Amino acid sequence: MPNRRTFFRQLSAAAALPFALPDFSSPASFDLYNRLRTSLSPQQLAQDEDFWSWVKADFTVSPNLLNLNNGGVSPQPKTVQDAHIRFYQYSNEAPSYYMWRILDQGREALRAKLADLAGCSPEEVAINRNATEGLNTIIFGLDLKAGDEVVLTKQDYPNMMNAWKQREKRDGIKLVWLDLNLPSENEEELVRKYVSAFTGRTRVVHVTHLINWTGQIIPVRKIADIARKQGIEVICDGAHSFAHLDYKVPDLGCDYYATSLHKWLCAPFGSGMMYIRKEKIKNIWALLSNNEPDGPDIRKFESLGTRSFASEMAIGTAVDFHLAIGPARKFARLHYLKNYWAEKVRDVSGVKLHTSLKPEFAGALAVVSIDGLKGGDLESQLLNTYKIHTTPIVTGSISGVRVTPHVYTTPKDLDRLVAAITELAGKQKKS
Ligand SMILES: Cc1ncc(COP(=O)(O)O)c(C=O)c1O
């Protein structure tokens, strides 16, 4: 039997090519593999620190600065970084030859891989640079005329609200703003809020699947089912939910969807995906045009000009990494980590949580505040005193910080956060 040191050496060796089959000559790694695949439920595996230390070993994150803003953008595992660098160096041997003739041959295979992950047809998937690009393509690509109504909320992402405001200014469409009361554990009330804003002039409803401010999950499917029956088109902003919550895009019932892959999928920075229901593709004008901007082929949205094919092609490695963990296991771990810290601080005097702890209402993001301390001040004290990186959230009556762990975050890391919040809340009480 290997001792602890050889066991971990074997694990890190396996982690150099993570999730390739472990070396079965090692009883320990065979055991780990076996437990992962066969005997543990996602919820049980969520607490198996041996397994997650194996996952963590493939990340090159700082051992000192504790990054708890993975919601902003994720680090890539080493395998993804390596693929990116390899493709980049390869491209530099003769860029137009290697990028356009060699690497680009991977495009259709990558489209199929993303479609498989998203649960749709490859003919419904366009590869682009981020959710901003995908959603702007949809928002500016739809034919809308003056007086047409679009339902959206004050909790949607600012750049998407701005895109709609630009259409309002330019085309005279009418924006119908909802103000959601968050956090909410009342699905019916959320659905009612959207649906009661629909009128005979409503053409589009814009729904953010997972709200970046507080981590709230919006019941997109229920809203979409009602909207589509009324002939209202449904746009879903999936920037924060893809490869985070365990679902397939068609489950949402939307017509249009976009996400960033550099968030929860851990693909290279500047990689994204757009989905359009097949029969709707012809209704969206290409933002960056090609020879058939109103045609039915999803590839019309990929006339993006010269860009890094290395980062696009390395998306495939990120998909492999994600699938090796498994979407259900990943979500169970993220939920476990979120609740691990949140349950420890929620009863500390002066501390407030602004996110549900139930997995049907929120994902891994959660917002916490300390009475009397502004979000910006809490963020800077966590960073300057404790070297914990979070992001300030000031929205409505909430002024706190958003905390987002990822698959490489450990309970020990979160103990550091809990200790910091407890100490800061104590100091605030005395002051
Ligand atoms: C809800 C939501 N939509 C869209 C975006 C834009 O993502 P990106 O900057 O990757 O385009 C974000 C970014 O955080 C977001 O939270």
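Predicted model: local features only at pLDDT ≥ 70, side-chain atom pairs only at ≥ 80, totals over all residues.

**Surface, fold and salt bridges**

Author: Residues are numbered from 1 along each chain as its sequence is written, and side-chain values use heavy atoms, with hydrogens and water left out.

Reader: Ok, how many helices and strands does the protein have?

Author: The secondary structure comes to 16 helices and 13 strands. These are DSSP runs numbered from the N terminus: helices are H or I with at least four residues, strands are E with at least two.

Reader: And what's the radius of gyration?

Author: The radius of gyration is 23 Å, close to the 22 Å that the globule rule gives for 431 residues, so the protein is as compact as a globular protein of that length. The radius is taken over C-alpha atoms, and the rule is 2.2 Å times the number of residues to the power 0.38. Along the principal axes, the C-alpha atoms fill a box of roughly 70 × 65 × 40 Å.

Reader: What share of the residues is buried?

Author: Buried residues make up 55% of the 431. Buried means under 20% relative accessible area, exposed means over 50%, and partly exposed is in between (1.4 Å probe, protein chains only).

Reader: Switching to charges. How many salt bridges are there?

Author: The structure holds 26 salt bridges. A salt bridge is a side-chain nitrogen of Lys or Arg within 4 Å of a carboxyl oxygen of Asp or Glu.

Reader: Why do such side chains pair at all?

Author: Side chains of opposite charge can pair when their charged atoms come close.

Reader: Give me an example. Which residue meets Lys 280 in a salt bridge?

Author: Glu 233 does, at 2.8 Å from N to O. Lys 280 lies in the loop between β8 and α12 and Glu 233 in strand β6 (residues 233-237), so the pair ties together parts that are 47 residues apart in sequence. Both residues are buried, with Glu 233 at 15% relative accessibility.

Reader: What else does Glu 233 contact?

Author: Leaving aside neighbours within four places in sequence, the contacts of Glu 233 include Leu 142, Arg 203, Asp 255 and Tyr 256.

Reader: Which residue forms a salt bridge with Arg 203?

Author: Asp 148, with the closest N and O atoms 3.6 Å apart. Asp 148 lies in the loop between α8 (131-141) and β3 (149-153), and Arg 203 in strand β5 (residues 202-208), so this pair ties together parts 55 residues apart in sequence. Asp 148 counts as buried at 3% relative accessibility, whereas Arg 203 is partly exposed at 31%.

Reader: And where do the partners Arg 299 and Glu 108 sit?

Author: Arg 299 is in the loop between β8 (272-276) and α12, and Glu 108 is in helix α7 (residues 107-118), 191 residues apart. Their side chains meet in a salt bridge at 3.0 Å, N to O. Arg 299 is partly exposed, with a relative accessible area of 25%, and Glu 108 is partly exposed too, at 37%.

Reader: Is Glu 312 buried or exposed?

Author: Glu 312 is buried, with a relative accessible area of 5%. Glu 312 is found in helix α12 (residues 309-313). Beyond its neighbours within four places in sequence, Glu 312 is in contact with Arg 107, Leu 110, Ile 127 and Arg 307.

Reader: Last one: where does Val 348 lie?

Author: In the loop between α14 (327-345) and β9 (351-353). Val 348 is buried at 18% relative accessible area. Not counting residues up to four places away in sequence, Val 348 touches Thr 422 and Ala 425.

Definitions and conventions. Contact = heavy atoms within 4.5 Å.
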